[in-house]
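User: Please take a close look at one part of this model, a single residue and the strand and sheet around it. I would like one connected account.

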Amino acid sequence: MLHPKVVQDLHSIRFRNVGFKRKPVLYPQAERQLNRFLINAIGHNVFVISTGLGLDVYYSSTQDYSQFIKKNLWLFKPANDVVAEKHFVATLHGPEVLDYFNTVVDSLITHPQLFLSCCKKFMQYYKDAGVKTRLLQLLYSTFEAHLQELISQERSPYTGRIKKMLNESEISEFKYFDEVDRLAYQSKNARNFN
């Protein structure tokens with residue numbers, strides 16, 4: 001089980017375009033710049049990712065930086081988008097963050113190609129991260145446990161490709177877990193965060 005302080009310090013802010021737009025909230029280069037900006041301003045426990053659903057910012061801190069992040073997002077938008085774009089913004093804190101993270105994964109499953117793309121992006125981000133912060137390890141282990149569950153239940157049409165991706169990632173070795181093994185695995189990973 002995770003230490004309560006670790007969970008209590010979790011925060012997330014999500015940006016969604018108002019209405020149905022296929023346009024990203026931030027383009028990839030701007031997303032990386034925002035991530036670097038937030039690391040410099042808040043600290044290393046920051047994770048920024050764009051999905052087809054919008055832009056999610058996760059961070060771990062004793063302070064709430066949601067207003068700071070909202071007010072500074074415009075710095076990374078193209079000049080012609082700053083005034084015209086409206087976003088739906090939602091913030092979460094504590095245990096709600098991990099619940100929401102799992103909800104995002106479940107939402108993406110209804111869009112299989114988008115889900116596969118996000119899996120690749122998240123796994124590559126984790127693999128390329130020079131520093132595996134506590135936040136990144138927590139999000140990745142939550143993501144991986146969720147993927148393991150999806151694979152064992154075959155809830156994604158791309159189950160075979162996701163298994164292959166997990167095996168090729170060299171991050172983890174995919175195994176089918178029965179309930180006892182899954183709990184032991186999650187407990188072992190959770191101890192790393194205490």
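**Ser 12 and its surroundings**

Leaving aside neighbours within four places in sequence, Ser 12 is in contact with Val 57, Tyr 58, Ala 90, Thr 91, Leu 92, Val 97 and Tyr 100. The model is a predicted one. Ser 12 has a relative accessible area of 3% and is therefore buried, the cut-off being under 20%.

The residue belongs to strand β1, which spans residues 10-17. Burial extends along this strand: seven of the eight residues in β1 are buried.

β1 has pairings with β3 and β4. With β3 it is joined by six bridges, and the two run antiparallel; here Arg 14 has Asp 56 as its bridge partner. With β4 the pairing is also antiparallel and covers seven bridges, and His 11 stands opposite His 93 of β4.

These pairings are part of an open sheet of four strands, ordered β2-β3-β1-β4, with antiparallel pairing. β2 (46-51) and β4 (87-93) are the edge strands; each has a single partner strand, so one side of each lacks a neighbour in the sheet. From one strand to the next, the twist averages 15 degrees.

Beyond β3 (residues 54-60) comes β2, joined to β3 by six bridges in an antiparallel arrangement. In this pair, Val 48 stands opposite Val 57 of β3, and Val 57 is also among the contacts of Ser 12. Helix α2, residues 28-42, lies across β2 and β3 and runs at about 160 degrees to β2.

Definitions and conventions:
Residues are numbered from 1 along each chain as its sequence is written. This is a predicted model: local features need pLDDT of at least 70, side-chain atom pairs count only at pLDDT 80 or more; totals for chains, interfaces and linings use all residues. Side-chain values use heavy atoms; hydrogens and water are left out. Two strands pair if DSSP finds at least two bridges between them. Axes are lines fitted to C-alpha atoms, for helices over the stretch in contact, and angles run from 0 to 180 degrees between N-to-C directions. Contact means heavy atoms within 4.5 Å. Buried means under 20% relative accessible area, exposed over 50%, partly exposed in between (1.4 Å probe, protein chains only).
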